[in-house]
Amino acid sequence: MTKIEFNTLVLRQASSLRSYALHFTHDADDANDLVQDTMLKAITYYNKFKEGTNLKGWLYTIMKNTFINNYRRFVKMSTFVTKSEEISSANLVFSSTKNQGESKFVMDDIKRSLDKLPEDYYVPFTMYFEGHKYHEIADHLSIPIGTVKTRIHVARKILKKSLKAYDNGIKKPVYAEMD
């Protein structure tokens, strides 16, 4: 098959390619761009087509792969660049710079809340927070492991209640996230 015959066969598939492209893009202009990219690639790589194989299937595969690659490229670029008009006021809190004063107030509140915990709850909670396992805490305090778990749970509830001011519906920072 000559290149001209091949090009003619590819051009005849344009309408079915457009329908298939709409399946991916849901937009007429984007679908036309995808069809154009597909046809360009097919004509460019005409020597890769084996005569006797399904041309429509080959073109659909090119289109699907082109769409996936373009989508991945778009997602990758979108993660690096965020346009200022795309940042909603709710998301500004995540992009704003926190100053040391605000962090100091938060840490002081956490320290005050921890200091208010009764010793029976403070020790197991702080040991657990520092990375000790339940059984290590139980051995250190000479109490049953179930008691350790209960005291840690109660301490978390007390802390959560006393730090309620920081629960404003926005994802909490790690230092204030206590379930």
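Of the 179 residues in the protein, 23% are buried, where buried means under 20% relative accessible area, exposed means over 50%, and partly exposed lies in between (1.4 Å probe, protein chains only). The structure is a predicted model, in which local features need pLDDT of at least 70 and side-chain atom pairs count only at pLDDT 80 or more, while totals for chains, interfaces and linings use all residues. Residues are numbered from 1 along each chain as its sequence is written, and side-chain values use heavy atoms, with hydrogens and water left out.

The pLDDT is the predictor's confidence in each residue, from 0 to 100. Its mean over the protein is 83, and 82% of the residues reach 70 or more. Among the elements, helix H8 (residues 134–141) has the highest mean pLDDT, 93, whereas helix H5 (residues 92–95) has the lowest, 58.

The protein contains 9 helices and 0 strands; helices (H or I, at least four residues) and strands (E, at least two) are DSSP runs, numbered from the N terminus. With contact defined as heavy atoms within 4.5 Å, 59% of the contacts between residues at least 6 apart in sequence join residues at least 24 apart.

The structure also holds 10 aromatic pairs. Rings of Phe, Tyr and Trp (its six-membered ring) pair if their centres lie within 6.5 Å; planes under 30 degrees apart count as stacked, over 60 as edge-to-face, and the rest as tilted. One of these pairs joins tyrosine 20 and phenylalanine 24 edge-to-face, at 5.0 Å centre to centre and with 75 degrees between the planes. Both residues lie in helix H2 (residues 14–25), 4 residues apart, which is about one turn of the helix. Tyrosine 20 counts as partly exposed because its relative accessibility is 23%, whereas phenylalanine 24, at 18%, counts as buried.

Tyrosine 20 forms an aromatic pair with tyrosine 60 as well; this pair is stacked, at 4.1 Å centre to centre and with 10 degrees between the planes. The pair links distant parts of the chain, since tyrosine 20 is in helix H2 and tyrosine 60 is in helix H4, 40 residues apart. Tyrosine 60 has 21% relative accessibility and therefore counts as partly exposed.

Tyr20, Phe24 and Tyr60 belong to one aromatic cluster together with Phe67 and Tyr71. Tyrosine 71 is located in helix H4 (residues 55–80).
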